[in-house]
Structures are given as C-alpha cells and as structure tokens.
Amino acid sequence: MAELRLEELSASTIVAVNALSLKPGQEQFVAPVSYAVAAAVVDPTTSWQRVILDGDEVVGFIQGNFDPNAPQDEFRSILWRINVDADDQGRGIGTFAVEALRSEATARGFNHLDVIYEPGESGPEAFFLRVGFAPVGETSYGETIAELTL
C-alpha cells in the first residue's frame, strides 16, 4: 500500500468516485433516509468532500458537513458519507479517512462528530463502533445516530 492521502473532490476525480464498488449486501446502506430528507436543507458551502487516494488510485470518498446553524444537532458536525472500494476494504482506508474528518471537526471547533446509519447485517455499524462512534439515539426513521467525542 502506497501512502494514503486526501484530495478535494474535483472534476478529475468524480468519475473514479462514482465508480467505487461495494461488497454484496452493502448497497442498501449507502444513504439513510434521513440524509435524503436533510439534503434539501444542507448548505453546500459547509460540505467537506475528500477523495482518498492510495498513490494515484482513488480508493475511497468521505464527506462531512460542518454547519453550526443546522436545524438538527446531529447535522451540525457529521460524517455524511464514506465509501471505500470493495477491493480495498479492511486495509485501514476508512479509519484513515475518519481520522482526517475528526481532525477537521476539531479544527473547526466542534467537540463531537455524528453519523447516521441504518442498522443491519452487512451494514456499517461494526466499522463505526471500531473507529470510536457510540450510539446515542435514533432518527424518526429508525436509523441509528452515533457520536464520536473529539
């Protein structure tokens, strides 16, 4: 594995991000209902989108949102989306990306980072727990809200 690095999402990397593959069964966990509902009110200027590269190869994507004025607390400092290519999962890429988002949240003055996910077999819960998130509640759609204290 070459050295992992982050780069802002750009026109030159978006095609590779859109081509990232998932392991069988992961498709249903890509975007919780709450995210689709909140997307209508998220300010694009508060979004933090980064491509994860291993050398010159795009191996993942992470998106956070930092909006101290978001109407719901869980959307003020949130891991909005993380996707690591199926062939690259289990190599520490997701942990690397979450640590980068955690550093960004700290630099912006937040004391926690939230994530919302749908529980279920093949879902992301084990990963989120492994990197330090702890369940703190549930959305009105039955999704788990978890928090990472910074």
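Colleague: Which residues of H3 are buried?
Modeller: In this predicted model, the buried residues of H3 are Ile93, Gly94, Ala97, Val98, Ala100, Leu101 and Ala105.

Colleague: Where do they sit around the axis of H3?
Modeller: These residues cover an arc of only 155° around the axis, which puts them on the same side of H3.

Colleague: How many residues does H3 have, and what does it reach from first C-alpha to last?
Modeller: Helix H3 runs over residues 93-107 and has 15 residues. From its first C-alpha to its last it reaches 21 Å, close to the 21 Å expected at 1.5 Å a residue.

Colleague: How many salt bridges does the structure hold?
Modeller: There are seven salt bridges in the structure. One of them joins arginine 5 and aspartate 56, at 3.5 Å from N to O. Arginine 5 lies in strand S1 (residues 4-8) and aspartate 56 in the loop between strand S2 (47-54) and strand S3 (57-66), so this pair ties together parts that are 51 residues apart in sequence.

Colleague: Which residues are linked with them in a network?
Modeller: The network of salt bridges links Arg5, Glu7 and Asp56.

Colleague: And what about arginine 91 and aspartate 88?
Modeller: They also form a salt bridge, the closest N and O atoms being 2.3 Å apart. Aspartate 88 is buried, with a relative accessible area of 8%, whereas arginine 91 is partly exposed at 29%.

Colleague: New topic: how much space lies in the largest pocket?
Modeller: The largest pocket holds about 680 Å³ of space. Its lining has 31 residues, and those closest to its centre are Gln26, Ile82, Gln89, Pro124 and Phe127.

Colleague: Which element gives the most to that lining?
Modeller: Strand S4 gives the most, with six residues. The elements that give two or more residues are S4 (77-84), H3, strand S5 (112-117) and helix H4 (125-130).

Colleague: How many of the lining residues are nonpolar, polar and charged?
Modeller: The lining divides into 17 nonpolar, nine polar and five charged residues.

Definitions and conventions: Residues numbered from 1 in each chain as written. Predicted model: local features only at pLDDT ≥ 70, side-chain atom pairs only at ≥ 80, totals over all residues. Heavy atoms only, no water. Helix = DSSP H or I, 4+ residues; strand = E, 2+ residues; numbered from the N terminus. Expected span 1.5 Å × (residues − 1). Buried < 20%, exposed > 50% of the residue type's maximum accessible area, 1.4 Å probe, protein only. Arc of directions from axis to C-beta. 1 Å grid on protein atoms, 1.4 Å probe; cavity = no way out; pocket = protein on both sides within 12 Å on 5 of 7 lines; lining within 4 Å. Points joined across faces, edges and corners; volume = space filled by probe spheres on them. Nonpolar A, V, L, I, M, F, W, Y, C, P; charged D, E, K, R; others polar. Salt bridge = Lys/Arg side-chain N within 4 Å of Asp/Glu carboxyl O.
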